[in-house]
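Please work through them with the structure open.

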Amino acid sequence: MAKCLPLYEKTIMKRSIQRALDSGIFFLLVCVVAYRLLLLSNHGFSYLQTIAFLCESWFTFVWFLAIIIKWNPVDYKTYPQRLLNREVEVPAVDIFVTTADPVLEPPIITVNTVLSLMALDYPAKKLGCYVSDDGCSALTFYALSEAVKFAKIWVPFCKRYEVQVRAPFRYFSNGSMQPHRNSSLQFQNHWKTVKVEYERLEGKIKEAEENRFDSHEVGLDLAAFSNLHTKHHPTIIKILWENKDVSHDDQLPHLIYVSREKSLKHHHHYKAGAMNVLTRVSGVLTNAPYLLNVDCDMFANNPQVVLHAMCVFYNSQDDLQDIGYVQSPQCFYDGLKDDPYGNQLVVLFEYMARGIMGLQGPLYSGTGCFHRRKVIYGQFPHHTTHFMDGKASEQELMKSFGYSKTFAKSATYAFEETTCGYRPNGPFNNNLEAANQVAGCAYEIGTSWGSKIGWMYGSTTEDVLTGLVIQKRGWRSVYIALNPPAFLGCAPSQLVTSLTQQKRWASGFLQVLFSKHCPIFGSLFGNLQFKQCAAYLWILTWGLRSILELSYALLPPYCLITNSRFFPTMEERAILIPISLFIIYNFQQLLQYKETGQSIKAWWNNQRMGRINTMCAWLFGVGNVVLKFLGVRESVFEVTKKETCREVDLGQFTFDESPMFVPGTTILLLQLIALLMSFMRLGRSGCAVLEMICSLWLVLCFWPFLKGIFMFGKGRYGLPFSTIYKSAALALLFVLFCQKANHELS
Ligand SMILES: O=c1ccn([C@@H]2O[C@H](COP(=O)(O)OP(=O)(O)O[C@H]3O[C@H](CO)[C@@H](O)[C@H](O)[C@H]3O)[C@@H](O)[C@H]2O)c(=O)[nH]1
Ligand SMILES: [Mn+2]
């Protein structure tokens with residue numbers, strides 16, 4: 001009986017109030033568009049009304065997509081205990097961690113992530129942890145090898161006392177985590193020893209960071225790293241720990257350091273390239289049928305996460321046939337109070353991701369995701385299409401997968417339906433040569449890596465693209481939101497960092513939208529469900545929003561400067577439409593923040609950052625894509641800086657020379673000029689109430705920029721002079737343009 005209990009349950013969530021509000025807003029948006037159409041047909045063509053019409057139609061379209069996404073939110077509950085009761089042999093899982101830069105991503109962060117993964121509640125012999133280091137840094141390697149020594153006491157400690165948080169820096173940083181769960185004397189002593197050891201590890205890494213360390217002294221073979229150029233070097237693979245004792249459970253998982261070959265002649269495709277190398281290296285070493293990947297800052301916060309994911313894959317034979325990946329939400333630790341940069345994404349994950357869950361399943365978001373290896377290898381669900389399966393000969397496989405025989409052999413096993421996978425025979429040393437071969441930078445030439453198999457190339461958001469290609473083949477995916485959260489990472493804690501991340505996302509999304517992988521084709525010619533296509537469109541068009549939102553933000557100042565109107569006047573009854581739209585929309589947004597336990601301040605910060613991200617970061621994202629299509633410049637993956645210790649001014653807006661601040665400052669200056677001009681006109685002619693409200697609202701949104709202008713000269717809290725004068729020039733140009741247009745019309 002216990003054997004048939006489901007391993008997970010899906011429940012439909014009732015969100016009738018949200019549904020009603022969503023539909024109401026949609027209705028009002030349609031009214032606004034109808035009003036514009038009516039005006040255009042009654043009064044003939046006007047640029048002002050046409051631009052307003054285009055923008056509002058776009059907003060309505062985006063809202064419609066959002067409604068489709070949010071309509072049927074669902075929840076999954078997983079029961080790991082039931083899986084354990086089934087007494088089946090759990091499958092092996094290969095875990096991938098990527099790091100790219102020892103400065104932006106301090107090794108102590110990577111070390112903590114790795115330690116948390118090595119200590120997961122899962123048989124150690126079934127886990128293989130692979131760290132890809134695109135920075136090819138001796139420091140990262142040294143830190144990891146020291147981490148292994150510490151892991152030998154950390155992992156048994158965690159398992160013995162059932163420690164909740166298994167990233168030591170979190171475990172020891174929290175004052176409340178003083179020995180309390182189990183206050184036996186033995187535990188307390190143990191705790192103290194482990195803490196001292198962790199501090200020693202931290203100390204060693206810090207010391208190595210500060211002085212260039214001597215390889216003889218640290219007793220490590222660092223010869224491979226000497227005289228290296230990080231963009232041009234041979235492959236370095238080091239087995240940091242091999243779990244040889246197959247019979248013994250109480251051990252450490254494998255830990256392998258991989259720095260793939262780089263050459264100036266070959267494009268390395270950033271994270272996607274690194275993931276593909278890890279896929280192949282793990283293929284010849286452990287070949288686990290499941291892959292888990294995390295960014296270097298995303299430590300495992302829920303030690304049972306692998307069991308939870310397996311509950312989804314193993315629920316029934318049917319699920320095994322069509323669930324491609326299991327995604328957990330991105331959650332962040334030490335989030336700044338009230339989310340000043342709007343990058344904690346709580347509402348996005350709660351409403352959008354849960355909604356998409358009710359469709360074909362969540363998009364792949366790059367970290368905290370479990371994939372089935374054969375899905376990554378291009379397999380279709382239910383074997384509907386035999387792109388590749390056990391029947392393909394090694395020769396055929398080598399055409400797509402590259403010339404390594406060892407790898408092709410491992411791939412044939414991966415396609416077979418054996419749930420526990422195939423483990424290549426013998427110690428790793430037997431296959432190290434093959435591992436080095438498949439990590440070479442020329443290995444992928446002429447193969448399907450990055451185009452049909454593995455992580456996809458061509459977008460700086462390789463995650464969404466890869467997930468899309470998988471879902472296009474008909475795979476479903478499942479979202480598991482665990483409590484405590486499965487993984488925790490660090491959200492950017494500075495404005496510029498956050499904007500840079502948003503810019504990369506916006507351009508990455510557009511690259512997908514305008515590629516052959518466009519979800520519309522996926523629905524027409526592939527197995528992507530139509531509603532799922534809507535979900536992809538909603539996110540992939542982020543960048544385009546910048547142009548429309550920016551145009552819309554120029555309309556109120558245009559009207560105020562030229563003394564014209566684009567909204568209904570006080571005398572018209574139609575004025576009720578925009579007013580109620582404004583109120584209901586903001587109420588609905590506010591409600592979402594309340595429902596997810598966030599403050600009003602957090603709502604305001606997010607809505608403000610919404611405007612700033614769209615008009616500043618996303619606009620430059622569009623620019624990047626245009627430059628790429630024109631062949632002027634390739635888009636690059638700018639790695640997000642991860643902070644280890646908090647700085648004093650966190651949460652305050654700081655600026656730098658980045659051109660991303662120019663559009664924001666220009667919009668702000670324009671609103672100020674326009675408001676000033678209309679105040680001077682006050683009394684002489686009718687007052688454009690709604691236009692003024694819009695302008696004021698925008699001033700409030702860009703308030704931090706206003707502060708930045710006043711703080712000019714006060715270091716990074718002030719906007720730099722160059723930004724201010726460029727913006728002022730642009731604003732003046734616009735004013736001149738308005739006046740010229742006004743003359744021509746009258
Ligand atoms: O050349 C590179 C560049 C990046 N990375 C790694 O990619 C990960 C994500 O980079 P990060 O700078 O943290 O980007 P974020 O914007 O924070 O990442 C989000 O967005 C990315 C796509 O833009 C996804 O890949 C990530 O999983 C997702 O968390 C990190 O582990 C990096 O080390 C590499 O391995 N090689
Ligand atoms: Mn990140």
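**Exercise 1. Describe how helix H2 packs against H21.**

Solution. The axes of helix H2 (residues 47-70) and H21 come within 10 Å and cross at roughly 140 degrees, where axes are lines fitted to C-alpha atoms, for helices over the stretch in contact, and angles run from 0 to 180 degrees between N-to-C directions. H2 is therefore oblique to H21, given that angles under 35 degrees count as roughly parallel, over 145 as roughly antiparallel, 65 to 115 as roughly perpendicular and the rest as oblique. The contact is made by Leu-48, Ile-51, Ala-52, Cys-55 and Trp-58 of H2 together with Leu-548, Ser-551, Tyr-552 and Leu-555 of H21, two residues being in contact if their C-beta atoms, placed from the backbone, lie within 7 Å.

The model is predicted: local features need pLDDT of at least 70, side-chain atom pairs count only at pLDDT 80 or more, and totals for chains, interfaces and linings use all residues. Residues are numbered from 1 along each chain as its sequence is written, while chains are lettered from A and ligands numbered from 1 in the order in which they are written.

**Exercise 2. Determine the angle at which H21 and H27 cross, and list the residues in contact.**

Solution. Helix H21 (residues 542-562) and helix H27 (residues 721-745) have axes that come within 9 Å and cross at roughly 55 degrees. These two helices are therefore also oblique to each other. On the H21 side the contact is made by Tyr-558, Ile-561 and Thr-562, and on the H27 side by Val-735, Cys-738, Ala-741 and Asn-742.

**Exercise 3. Which strands pair with S11, and over how many bridges?**

Solution. Strand S7 (residues 290-295) pairs with S11 in the antiparallel sense over 4 bridges, and strand S9 (residues 323-327) pairs with S11, again antiparallel, over 3 bridges; pairing requires that DSSP finds at least two bridges between two strands. Within S11, Cys-369 is the bridge partner of Asn-293, and Cys-369 is also the bridge partner of Gln-327.

As for the side chains, Cys-369 and His-371 point one way from strand S11 (residues 369-372), whereas Phe-370 and Arg-372 point the other way, and all are buried, that is, 20 or more other C-beta atoms, placed from the backbone, lie within 10 Å of their own. In a regular strand the side chains alternate between the two faces of the sheet.

Note on methods. Buried ≥ 20, exposed ≤ 12 C-beta atoms within 10 Å, placed from the backbone.
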